[in-house]
Amino acid sequence: MKYCEKCDAVPEIAPRLGTLYLWPPVAHTTGKILAGAKSISLSVDKTPSVATLSIHYSRPGLRKLIDTIAKDLLPEELADTKALIMAEGQKPDIDDISRVTSLGAIRAAIGAEWLGDLLRENRLNSAFQPIFPIGDLGTPYAHECLIRGAARDGSVINPGQLFEAAQSATLLFQLDRAARAANVRNATRAGVSGNLFINFTPSSIYDPDSCLRSTIDVVEECNLDRNNVVFEVIETEKVRSTAHLSAILQSYRNSGFRVALDDVGSGYSTLNMLPELRPDIIKIDRELVDHVDHDNYKQAIVSKLIALAKQLEIEVIAEGIERQEELDFLIEHDVDYVQGFLLGRPGNGPYQAKSA
């Protein structure tokens, strides 16, 4: 099967030599850009008939160029100034329209250029957090794989930083694909056996069959039983198209995997998705678990969610458990699995029970 070209290639933000084309929204914005360029003795070519500015650059001076011409622009001006980077000697034509973005987006992408380097150098590590069956809190049912970045100085880059940079640099597809593959390989190297929960972002997948092909190949490469791999949808509440998500989950199921929804109960939309998505597993939103023993509203919602899931033959994980009282409530209401710092923190390998 053909791979997804968008997911499997990490593009350069800009060529070494090129031209930055700008289309400011109003003359006032044009004046600010020209003043910024003048302050660092940059030459700007103007095409008045189509209100186009063009500035030649060479790397690594592009970031300084953009920061300088953008420093006095309002956020609205950054968003409304259309921009395009072309290789030296090339001019925009009709085929380049799809690549036109905003000056603000290019500025953010240049600032997140470190992420492209990280992906090209495969600097992605994993932590593994245990998930326990309610009847045996000493033996994990599964481990959730949590992606981490490694900076060149050895420091850890948390997933929030990674995905925020990916949004800025339009590398979400590439990061999500690389994270899925890295989590599978890292779990295998670390000796994490049994069920694995692999997170993915639905908005990073266009065509399920081609976008997921490389991940399936990594599962095969690591000789994992597909039935032991659970693909977990993160940010379920932000899904724009339930039909698209349903197609993704069906693609995973057709390939022999199980699927889970994260943060169920965080909004009406997640409950409304259940009839169409029919997941194998749901995770109750951690905000509902937090101090559930003290909050009558949370107690009512959590108990009804567990009862509804059992009626639909869906297994339930309660995550984010940090207090014994929360665990006691969930045991009393017959949840299937539990996860949280009270039971086991993320580690570099499989869960090891503390010695008495």
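**Reading the model, feature by feature**

In the protein, confidence is highest in E14, at 98, and lowest in helix H1 (residues 5-8), at a mean of 55. Helices (H or I, at least four residues) and strands (E, at least two) are DSSP runs, numbered from the N terminus.

Q: What is the mean pLDDT of the protein?
A: First the idea: pLDDT is the predictor's confidence in each residue, from 0 to 100. Where it is low, the predicted coordinates should not be read in detail. Here the mean is 88, and 91% of the residues reach 70 or more. This is a predicted model, so local features need pLDDT of at least 70, side-chain atom pairs count only at pLDDT 80 or more, and totals for chains, interfaces and linings use all residues. Residues are numbered from 1 along each chain as its sequence is written, and side-chain values use heavy atoms, with hydrogens and water left out.

Q: How many helices and strands are there?
A: The protein has 15 helices and 14 strands. Its C-alpha trace spans about 70 × 45 × 40 Å along the principal axes.

Q: In what order do the five strands of the open sheet run?
A: In general, strands of a sheet pair through backbone hydrogen bonds, either parallel or antiparallel. Two strands count as paired if DSSP finds at least two bridges between them. In this case the order is E2-E3-E1-E4-E5, with antiparallel pairing. Strand E2 (45-47) and strand E5 (101-102) are the edges, each pairing on one side only. Strand E1 (residues 17-23) pairs with strand E4 (residues 82-87) over six bridges; look for tryptophan 23, whose bridge partner in E4 is lysine 82.

Q: Which strands does H3 touch?
A: A contact means heavy atoms within 4.5 Å. H3 packs on the sheet and touches E1, strand E3 (52-58) and E4. Its direction makes about 145° with that of E3; axes are lines fitted to C-alpha atoms, for helices over the stretch in contact, and angles run from 0 to 180 degrees between N-to-C directions.

Q: How many salt bridges does the structure hold?
A: A salt bridge is a side-chain nitrogen of Lys or Arg within 4 Å of a carboxyl oxygen of Asp or Glu. The structure holds 21 of them. Take lysine 32 and glutamate 77, whose closest N and O atoms are 2.9 Å apart. Lysine 32 sits in helix H2 (residues 27-39) and glutamate 77 in helix H4 (residues 75-80), so the pair ties together parts that are 45 residues apart in sequence.

Q: Is glutamate 77 buried or exposed?
A: Buried means under 20% relative accessible area, exposed over 50%, and partly exposed in between (1.4 Å probe, protein chains only). Glutamate 77 is buried, at 8%. Across the protein, buried residues make up 48% of the 356 residues.

Q: What separates aspartate 67 and arginine 63?
A: They are four residues apart in helix H3 (residues 62-70), so about one helical turn lies between them. Aspartate 67 is partly exposed at 29% relative accessible area, and arginine 63 is partly exposed at 45%.

Q: Which residues are linked in a network of salt bridges?
A: Glu144, Glu232, Lys283, Arg286 and Glu319 are linked that way.
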